[in-house]
Amino acid sequence: MMVATSAGAVEEVLRGGSRGVSTQHPSVSILTFVRNAVDTLPSTIESVLQQTALERLDYIVVDGASNDGTIDILRSYDAHIDQWVSEKDRGIVDAQNKAILLSGARYVFFLNADDWIEPKFIEAAVDAIAVSGADIVYGDIQVRSSDGAPLHRLNGDPAFFGRMGAFYQMPCVNFPTMVIRRALFDEIGLFDERFRVAPDYEWLLRLVKNRKDLKVRYVPDLVVNFRLGGNSDLLYYIGLKDAYRASIMHGGKVALAMCFYGKRMVMHWCKGIASTVIPRPLFSRLLGIARRFA
């Protein structure tokens, strides 16, 4: 385990602190970035500890100087977390980049502190990579309410990569499910902090633009339980603006990007109204049907 709470803690780990980056190079690093998530972090950590492929992964947590008891949670799991640091940062994107830099694995997987995965998630990902040699494997999102109740499922879009349509699919294709080759971040850079809600979308556009030989595999067995109430949910419209800016920055057509931006805004607005007047089970069913035609 690795614990640090002072400024520059990540830099010390990279210089070879008390533990530093693992020399065993596990297949996958699960990266969790957190600030003040005392109520949800335990279920996230437990889902990591329940993985059937524990010998193939290590677990890294970057905390943004939480003050709600989150650090006590991390201390209680200290023996089960390979590396964790706690220090002030510039926001969630900075924390994501720190976590990437701490990883010594061949692949990385980002697990939000509000979310959790099923026990065979990493096993399924590693098996799919072994068969396909993919740079990225990804799957579906099971969206859940803040109390954990299932709402609807977001199926992955295998057609996203390798087509210009990727520049207008806002938000991006199920990034929270992606297990990504670590070397890709060395090749095209880390997340851009100018995109504080949708840095993943900008990074994927950068990747599609610069890597014509990218190998991607959609694996339906990879399911992330995504709890509503996080950054991407609360700041949805800012995320759409991020996605619009990223699309234009990487060569997308203004008119088409604006159409998709407007479409997503209207859909989100209608969904908000419908969710207040339609019973939850029926709303979830209707939303699932609507997403097939979105």
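The legends below describe close-up views of one predicted model.

The model is predicted, so local features need pLDDT of at least 70 and side-chain atom pairs count only at pLDDT 80 or more, while totals for chains, interfaces and linings use all residues. Residues are numbered from 1 along each chain as its sequence is written, and side-chain values use heavy atoms, with hydrogens and water left out.

Figure 1. The chain has 11 helices and nine strands. Helices (H or I, at least four residues) and strands (E, at least two) are DSSP runs, numbered from the N terminus. Of the 294 residues, 52% count as buried. Buried means under 20% relative accessible area, exposed means over 50%, and partly exposed lies in between (1.4 Å probe, protein chains only). The chain exposes about 13,500 Å², and carbon and sulfur atoms supply 55% of this area. Accessible areas come from the Shrake-Rupley method with a 1.4 Å probe; for residues, only the protein chains shown count as cover. Among contacts between residues at least 6 apart in sequence, 77% join residues at least 24 apart. A contact means heavy atoms within 4.5 Å.

**Figure 2. The buried side of helix H2.** Helix H2 covers residues 41–49, and its buried residues are Leu-41, Thr-44, Ile-45, Ser-47 and Val-48. These residues lie on the same side of H2 because they cover an arc of only 155° around the axis. The arc is that of the directions from the helix axis to the C-beta atoms. An α-helix has 3.6 residues a turn, so residues three or four places apart point the same way. The buried residues of H2 pack against strand E1 (28–34), strand E2 (57–63), helix H3 (70–76) and strand E5 (116–117).

**Figure 3. Strand E6 and its partner strands.** Nine of the nine residues of E6 (residues 136–144) are buried, so the strand is largely enclosed by the rest of the structure. Two strands pair if DSSP finds at least two bridges between them. E6 is joined to strand E9 (residues 216–227) by eight bridges, and the two run parallel. Four bridges link E6 with strand E7 (residues 150–154), and this pair is antiparallel. Strand E8 (residues 179–181) is also antiparallel to E6, with two bridges between them. Val-137 stands opposite Val-179 in E8, and its bridge partner in E9 is Arg-217. Val-143 stands opposite His-152 in E7. The hairpin of E6 and E7 has five residues between the strands, and Gly-148 takes a positive phi near 95° there.

Figure 4. A salt bridge is a side-chain nitrogen of Lys or Arg within 4 Å of a carboxyl oxygen of Asp or Glu. Side chains of opposite charge can pair when their charged atoms come close. A search of the whole structure finds 16 salt bridges. In one of them, the closest N and O atoms of Arg-181 and Asp-135 are 2.8 Å apart. Arg-181 lies in strand E8 and Asp-135 in the loop between helix H5 (121–132) and E6, so this pair ties together parts that are 46 residues apart in sequence. Asp-135 counts as buried, at 6% relative accessibility. Arg-182 and Asp-186 also meet in a salt bridge, 3.0 Å from N to O. Arg-182 is buried at 11% relative accessibility, whereas Asp-186 is exposed at 57%. Glu-187 forms a salt bridge with Arg-211, with the closest N and O atoms 2.6 Å apart. Glu-187 lies in helix H6 (residues 183–188) and Arg-211 in the loop between helix H7 (199–210) and E9, so the pair ties together parts that are 24 residues apart in sequence.

Figure 5. Rings of Phe, Tyr and Trp (its six-membered ring) pair if their centres lie within 6.5 Å; planes under 30 degrees apart count as stacked, over 60 as edge-to-face and the rest as tilted. By this rule there are 10 aromatic pairs. The rings of Phe-109 and Phe-121 have centres 4.7 Å apart and planes at 35°, so this pair is tilted. Phe-109 is in strand E4 (residues 107–110) and Phe-121 in helix H5, 12 residues apart. Phe-109 is buried at 0% relative accessibility, and Phe-121 is buried at 2%. Phe-175 and Phe-191 form an edge-to-face pair, with 6.0 Å from centre to centre and 75° between the planes. One aromatic cluster is formed by Phe-33, Phe-110, Phe-175, Phe-185, Phe-191 and Trp-203.
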